[in-house]
Amino acid sequence: MSQTEPDFWVLEYVTITKDPRTGLVVAICGTEQAADILQRTGGFLTSPGPRGDYHRLPHGLPIEQQRLKATTASHALLAAGHSVHLDPTLNMLATPDGDRDATVRYLTQLAERASTAETSSAVAEVLTEVAAPVHGLLPLTREVIVRAWIASSDLHGAAPGEEPEPIARLGSTANSLSEAARVTLHARNHAARPTQPPTTAPAPNRAQVPVTRRR
């Protein structure tokens, strides 16, 4: 007796996330019922896209409003039986220190991986996490410093090159982080190369060793 797969009464999956290029909070996929819930509970707007209609929050909303509306809509969708993925950065109910705690755990794990590494490739993997050009820890930290530098200069109304000395030093700190990432990445590339076994000099052939006779 052959068995057939059952029909599941699961509504279409909805993803609510923030588009990194435009900064818009968008909801992708879902049924007409999901669209109705998004519009009524979250204030989403329906817009035409290259692959059909999608839903988004209005332009110019403060971040806290974006998070509130996205969280409200996601819980309304869940209550109606929809499957929902909500970007953690938009979740108002997430633990306030959750991201920080996760970062601390991540750095602790990297330190443990480095201290217990038994091969050069294992060391290279850790250094990749530190200095990868886009998502490495050092480039991401540099991005934070650069943005803080720009924001501080703007708030002080300082023209480029005329910032107060403590703020100006942020620029040199950003350059130092770039150099640190470059050095770390170079070390990573070196560690990633397969190690060659040490070469040992061949033992001398006794037949060819001259014998010195005593007189």
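Begin by selecting E129, V130 and A131 in helix 4, which meet L137, L138 and P139 in helix 5; contact here means heavy atoms within 4.5 Å. Helices are DSSP runs of H or I with at least four residues, numbered from the N terminus. By class, this contact has five nonpolar, no polar and one charged residues. Ala, Val, Leu, Ile, Met, Phe, Trp, Tyr, Cys and Pro count as nonpolar, Asp, Glu, Lys and Arg as charged, and the others, Gly among them, as polar.

The model is predicted, so local features need pLDDT of at least 70 and side-chain atom pairs count only at pLDDT 80 or more, whereas totals for chains, interfaces and linings use all residues. Residues are numbered from 1 along each chain as its sequence is written, and side-chain values use heavy atoms, with hydrogens and water left out.

Next, display the whole of helix 4 (residues 120–131) with helix 5: their axes lie 4 Å apart, at an angle of about 15°. Axes are lines fitted to C-alpha atoms, for helices over the stretch in contact, and angles run from 0 to 180 degrees between N-to-C directions. The two helices are therefore roughly parallel (angles under 35 degrees; over 145 is roughly antiparallel, 65 to 115 roughly perpendicular and the rest oblique).
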